[in-house]
Amino acid sequence: MEEKAMVADALVGVNGELKMFGDMIPQTEDKELKQCLKQIRNQCEMSQEKLYDAARERSYYVPAAKATQEEINHVKSIL
């Protein structure tokens, strides 16, 4: 498997985990468990950032162009 595919797969997996933690944390009543989940989520976020940086450095991932002020104003007007 190519490195590019491995990085992409890892990013997809970590992003899925982050979504899962985002769903679980607010539904947890136990404060100790909630804190533990938040710590794990934070570690996941750090891993995601490292993978993202690696992907950007190798040009495996190219982010979308930044929105223009006109586009930003349009979205604001809708909301």
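Here are some friendly notes on this structure, which is a predicted model.

1. **Overall make-up.** The protein chain contains 3 helices and 0 strands. Read from the N terminus, the order of elements is α-α-α. Helix 1 covers residues 3-24 and helix 2 covers residues 31-57, while helix 3 takes in residues 69-78.

2. **Overall dimensions.** The C-alpha trace spans about 45 × 45 × 15 Å along its principal axes. Of the 79 residues, 15% count as buried.

3. **Contacts along the sequence.** If we take the contacts between residues at least 6 apart in sequence, 51% of them join residues at least 24 apart. Alanine 8 and threonine 28 lie 20 residues apart in sequence and 30 Å apart in space. Lysine 76 and valine 12 are 64 residues apart along the chain, and their C-alpha atoms are separated by 30 Å.

4. **The nonpolar core.** Which residues make up the largest nonpolar core? There are 6 in all: Val14, Leu18, Phe21, Ile25, Leu37 and Cys44. Helix 1 and helix 2 each supply at least two residues of this core, and helix 1 gives the most, with 3 residues.

5. **Cysteine 44 in that core.** Leaving aside residues up to four places away in sequence, cysteine 44 touches Val14, Glu17, Leu18 and Phe21. Val14, Leu18 and Phe21 are core members, as is Cys44 itself. Cys44 is also among the buried residues of helix 2.

6. **Helix 2, its length and its buried residues.** The buried residues in helix 2 are Leu37, Cys44, Gln48, Ala54 and Ala55. Helix 1 is included in what covers them.

7. **The two ends of helix 2.** At its start, a side-chain oxygen of aspartate 30 comes to within 3.0 Å of the backbone nitrogen of glutamate 32. Just after the helix, serine 59 takes a positive phi of about 60°, although serine 59 is not a glycine. Serine 59 sits in the loop between helix 2 and helix 3. With a relative accessible area of 53%, serine 59 is exposed, because the cut-off for exposed is over 50%.

8. The whole structure holds 3 salt bridges. One of them pairs arginine 58 with glutamate 3, with the closest N and O atoms 3.2 Å apart. Arginine 58 is in the loop between helix 2 and helix 3 and glutamate 3 is in helix 1, so the pair links distant parts of the chain, 55 residues apart. Both partners are partly exposed: arginine 58 has 40% relative accessibility, and glutamate 3 has 38%.

9. Lysine 19 forms a salt bridge with aspartate 23, where the closest N and O atoms are 3.3 Å apart. The two residues both lie in helix 1, 4 residues apart, about one turn of the helix. Lysine 19 counts as exposed at 56% relative accessibility, while aspartate 23 is partly exposed at 39%.

10. Glutamate 45 and arginine 41 form a salt bridge with their closest N and O atoms 3.9 Å apart; the cut-off is within 4 Å. Both residues lie in helix 2, 4 residues apart, about one turn of the helix. Glutamate 45 is partly exposed, with a relative accessible area of 34%. Arginine 41 is partly exposed too, at 25%, where buried would mean under 20%.

11. Lysine 76, in helix 3, counts as exposed at 58% relative accessibility.

Methods:
Residues numbered from 1 in each chain as written. Predicted model: local features only at pLDDT ≥ 70, side-chain atom pairs only at ≥ 80, totals over all residues. Heavy atoms only, no water. Buried < 20%, exposed > 50% of the residue type's maximum accessible area, 1.4 Å probe, protein only. Core = buried A, V, L, I, M, F, W, Y, C linked by side-chain atoms within 4.5 Å. Contact = heavy atoms within 4.5 Å. Polar contact = N/O pair within 3.5 Å; in protein donor to acceptor, adjacent residues only side chain to side chain. Salt bridge = Lys/Arg side-chain N within 4 Å of Asp/Glu carboxyl O.
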